[in-house]
Amino acid sequence: MNTIVAVAKKDLRIEWRTRTLLARVVPFALLVLVLFAVALDSEALLLRAAAGLVWMAMLFSTMLVVQRAFDIETSDAAMDSLLACTAQPSRVFYGKALSLFVQLFALAAVLVTAAVVLYGASVNGNRVVLLVTVVVTATGGLATVGTLYGAVVANMTGRDSLLPLLALPVLAPLLIAASRATEAAFGSQTIDLANGWAWVGVLVVYAIVFGSAGAAAFSPLTESDS
Amino acid sequence: MTVSSTGTPTTRVIGGLALLITGWVVVSAFFITPADSVQGDSVRIMYAHVPTAWIAYLAFVTTAIASGFSVARRHRTLGFDRVAGASAEVGVLFMAMTLITGSLWGRLTWGTFWQWDPRLTTTLFLFVTYVGYLAVRRIDTDPRQRASRSSVIALLAVLEIPLVHFSVVLWRSLHQEASVLNTDGDVRLDGLMLFTLFSGVVAFTLIFVWLVIHRQRLTTLSDLERVVGLDAAITARRAENSAGVTA
C-alpha cells in the first residue's frame, strides 16, 4: 500500500510542479466542449447530448494525460529504476492508476461544471449522488485502462497515434455506460434514475476487470521493454 | 539459399480445393439457387456474407489461442506469434468484407446501410480493435518484442469484446426509440440454398487456411532476413575494412 501511495505521490508532485493538466489538458477539454457546441448549433440538441459530450471530452483528455504519465517514465528509463525499487510491478501499476484517477477526477469535475454552465444541464436532489458515483466509477475505469494501455505503448515508436487507436475501442463500453448514467443524472427524458444506477453497475465491473487485468499484465509489459 | 515461393504440395492441394469449391459456390449462388421469396435476389449476397463473417470470427479466435500459447511458452518459439499475426491480418480483411457485404445487403433489405444493432456494433468495434493490433505488429522491432507486445494486446481484446458486446446489448435494449424496420434477417432456406451456403463456408475456410500458412511462412522469412541481412552487412563491412588495411 505504501508503494502505491508513494508512486502516486511522485506522479502527482511532478504534475503539480509542471502543471501540464492545468495549463494544457483542462483548456483543451473545455475547448472541445465549446467546439461541440459550435458544431451542433442547437441548444436543445446540446442539452440532449450534454452527457455524451462530457465523456467524449474526457476520453480525448485521458489520452493526453496518459501520454504524459508515461513520458515522464520513459524519458530517462525511470521506469526501470522504479521497478528495481519495488518487489511488485502491480503496485507501480496501481500507483500510476491512482495518480491518473486523481487528475482525471479533477478534470471531470471541471467538465461537469462546464456542462451545467455552457449546455444548461441541471442536477438536483438525489441525482447528485448518482452523478458523483458515476464520475468516481467511470474515472476509475479510465484510470486503469489508461495506465494499462499507456504501458502497452510506452517505448513504441509512434505511440502518440497508437494509444488512441488501441485504447478508444476498449473504452467504448465505458463511454456508453458513463454517458447513459450521466444522462440519467442530468434528468434526461429517455433514461430514468433506476437505469442510471444499472449503468453504474457496468462501470464498476469494468473498472474491476481492467484493474485486475492491468495489474497482471503490467509485469510482462514492463519487463520486455528493458 | 534462395526461396522463390512459400508453396508446398500441401498448400497447393488446399489452394486447388479452395478454387474448385469457390467456383461451384459462384455458379450455384448466381445461377442455380432460386431467389428468396421475401428478399428476392439480394439473398445471394448471403452466400458471401455469412462465410466471411464466420472466417473473421474463426481468425480472431485463432489469434487469441495462438497468442495464449505464445505467452505460455514465454515467446521462446515465434511460430505461435506468427500464426497469430497472420490470422489477425486475414481476419481484418474478411471482417472488412463482412461489413461491406452486410451493409450492401442491409441497404437492399432494410433500406439503410447501417443499423446500430448490437451484433453490427460489436463487429465494428472488433474490426477497429484488430486494426490497432495490426498497427502494433507493423512497428519495425525485434521479433521477440513484437511477440510479447502483440500477444498482450490480443489477449486484452479477448477481455474487451464481451464487455463491448454486453454494454451495446444493454444500450440498445434500454434505448426507447422504436426500431425503424423489422430487422429480423433470418431467411428460410431450402436444401440447395443451405448446401450452397455450407459450400461457401468450406471454400472460405480453405482460403483462410491457405492464406494463413503462406503469410506465416512469409513472416518467418522476413524475420530470418533481418538476422541474415544483418550478418551479411557485417561481413561486407569487415571485408571492406580488411581490404582498406591491405591496400
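This is a predicted model: local features need pLDDT of at least 70, side-chain atom pairs count only at pLDDT 80 or more; totals for chains, interfaces and linings use all residues.
Of the 226 residues in chain A, 52% count as buried.

**Chain A overall**

The secondary structure of chain A consists of eight helices and zero strands. In sequence order the pattern reads α-α-α-α-α-α-α-α. The radius of gyration of chain A is 18 Å, close to the 17 Å given by the globule rule for 226 residues, so chain A is as compact as a globular protein of that length. Along the principal axes, the C-alpha atoms of chain A fill a box of roughly 55 × 30 × 30 Å.

Among the contacts with a separation of 6 or more, 82% are between residues 24 or more positions apart.

The accessible surface of chain A amounts to about 9400 Å², and carbon and sulfur atoms account for 66% of that surface.

Helix α4 of chain B covers residues 118–138, and Thr122(B) lies in it. Tyr130(B) also belongs to helix α4 of chain B. Their relative accessible areas are listed below.

| Residue | Relative accessible area | State |
|---|---|---|
| Thr122(B) | 4% | buried |
| Tyr130(B) | 3% | buried |

Why do these two residues count as buried? The cut-off is a relative accessible area under 20%. Thr122(B) has 4% and is therefore buried. Tyr130(B) has 3%, so Tyr130(B) is buried as well.

The side chain of Thr122(B) makes a polar contact with the side chain of His165(B), at 2.8 Å. When residues up to four places away in sequence are not counted, Thr122(B) touches Ile161(B), Val164(B), His165(B) and Val168(B).

Which residues does Tyr130(B) contact, leaving aside its neighbours within four places in sequence? They are Phe60(B), Thr63(B), Ala88(B), Val92(B), Ala154(B) and Ala157(B).

Leu192(B) is 62 residues away from Tyr130(B) along the chain, and the C-alpha atoms of the two are separated by 35 Å.

Conventions: Residues are numbered from 1 along each chain as its sequence is written. Chains are lettered from A and ligands numbered from 1 in the order in which they are written. Side-chain values use heavy atoms; hydrogens and water are left out. Helices (H or I, at least four residues) and strands (E, at least two) are DSSP runs, numbered from the N terminus. The radius of gyration is taken over C-alpha atoms; the globule rule is 2.2 Å times the number of residues to the power 0.38. Buried means under 20% relative accessible area, exposed over 50%, partly exposed in between (1.4 Å probe, protein chains only). Contact means heavy atoms within 4.5 Å. Accessible areas come from the Shrake-Rupley method with a 1.4 Å probe; for residues, only the protein chains shown count as cover. A polar contact is a pair of N or O atoms within 3.5 Å; within protein, one must be able to donate a hydrogen and the other to accept it, and residues adjacent in sequence count only if both atoms are side-chain atoms.
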